[in-house]
Amino acid sequence: MEIAPFVQHYGLWAVGVGTFLEGESVLLAAAAAAAHGLLHLPAVVAVNTELDFKRYLRMDERLYYTSTITDISEEKATGLGVGYFVTQMQTYYSVNEAGGADECVGSMMFRLFKFKPTHAPKPIEEAKGGASAVPKIGRSTPGISPDTQFWWDGVNQGKLMIQRCKSCQTLRHPPGPACPECQSFEWDEVQSKGQGHIYSFVVMHYPEVPPFDHPNPIGLIELDEGTRLVGQLLGLKPNEYQIGQRVQVEFNTFNDGTLTLPQWRVVA
Ligand SMILES: [Zn+2]
């Protein structure tokens with residue numbers, strides 16, 4: 001599969017705010033890339049990233065970002081292959097609705113390695129009769145710990161559970177060993193009614209990762225009980241989702257019935 005070297009689409013989530021910055025970068029350095037021969041290098045791997053948040057975001061802000069290739073290294077040989085380190089700087093802005101200069105609210109440095117692999121990928125073996133031998137890719141399965149076991153047990157029974165501090169009654173999600181309010185390790189659980197609203201969302205266009213359909217709408221859902229969780233949105237076209245829409249949980253199974261996930265359907 002050919003991977004376009006400079007087409008990236010990122011959603012940057014301002015941690016602790018629950019608001020997505022979303023944007024789509026452009027082929028700013030296509031000419032530079034061609035000059036370096038990067039377009040002919042078939043493989044790419046992410047190297048490192050640095051985030052800088054200037055402030056919290058506010059509801060209804062309109063955001064965009066610019067993307068600039070700030071550095072392309074000399075040719076380097078690594079264990080993966082021979083290629084170039086490419087550094088990209090994305091700067092996020094809030095639109096000044098009053099007409100003045102837009103405000104920078106954060107930035108992200110992103111570095112990747114674009115290279116020719118040392119070991120050529122093996123050709124895909126075709127099964128007899130022409131059918132593909134490539135296994136069908138299922139969804140990633142969750143890593144379950146003693147802290148999260150109850151939550152997945154609930155999901156498998158079609159119940160959405162919320163962890164509750166036994167000491168101060170504060171609800172919390174994702175599950176963890178201690179209460180962030182009072183530090184108590186004592187907890188039990190309550191069942192959510194499975195209703196809430198879209199607190200924020202992002203529509204994932206690229207990369208097109210199997211087994212998901214694309215565009216892939218993903219919501220940050222605020223339950224009526226108050227906690228928030230991330231899940232796939234259902235019921236509307238990708239461009240029809242809006243912050244504030246009411247949603248209802250729906251438990252769907254994947255991976256030949258071995259994985260159950262809560263998803264969120266918009267209701268009238
Ligand atoms: Zn507590």
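Modeller: Two strands count as paired if DSSP finds at least two bridges between them, and helices (H or I, at least four residues) and strands (E, at least two) are DSSP runs numbered from the N terminus. With those terms, the chain comes to 2 helices and 15 strands. Residues are numbered from 1 along each chain as its sequence is written. The model is predicted, so local features need a pLDDT of at least 70 and side-chain atom pairs a pLDDT of 80 or more, whereas totals for chains, interfaces and linings use all residues.

Colleague: Which strands form the closed barrel, and in what order do they run?

Modeller: The closed barrel has 5 strands, which run 11-12-13-15-14, and the pairing in this barrel is mixed. Neighbouring strands of this sheet are turned by 50 degrees against each other on average, direction ignored; such angles are taken between lines fitted to C-alpha atoms, on a scale from 0 to 180 degrees between N-to-C directions.

Colleague: What makes strand 14 and strand 15 a pair?

Modeller: Strand 14 (residues 246-254) and strand 15 (residues 259-266) share 8 bridges in the antiparallel sense, and because the definition asks for at least two, they count as a pair. Within this pairing, T253 stands opposite T260 in strand 15.

Colleague: Where is Q183, and what makes it exposed?

Modeller: Q183 lies in the loop between strand 9 and strand 10, and with 10 C-beta neighbours inside 10 Å it counts as exposed. The phi of Q183 is also positive, near 65 degrees, although the residue is not a glycine. The loop between strand 9 (171-172) and strand 10 (187-191) also holds P174, and the peptide bond from H173 to P174 is cis, with omega near 0 degrees.

Colleague: Where else is there a cis peptide bond?

Modeller: A cis bond joins P210 and P211, with omega about 10 degrees, and P211 is found in the loop between strand 11 (195-204) and strand 12 (216-223).

Colleague: Why is one side of strand 9 and of strand 10 left without a neighbour in the sheet?

Modeller: Their sheet is open, with 3 strands in the order 9-8-10 and antiparallel pairing. Strand 9 and strand 10 stand at the edges and each has a single partner strand, so one side of each lacks a neighbour in the sheet. Strand 8 (residues 161-165) is joined to strand 10 by 5 bridges, and Q163 stands opposite E189 in strand 10.

Colleague: What share of the 268 residues in the chain is buried?

Modeller: Buried residues make up 18% of the 268 residues. As for contacts (C-beta atoms, placed from the backbone, within 7 Å), 58% of those between residues at least 6 apart in sequence join residues at least 24 apart.

Note on methods
Buried ≥ 20, exposed ≤ 12 C-beta atoms within 10 Å, placed from the backbone. Contact = placed C-beta atoms within 7 Å.
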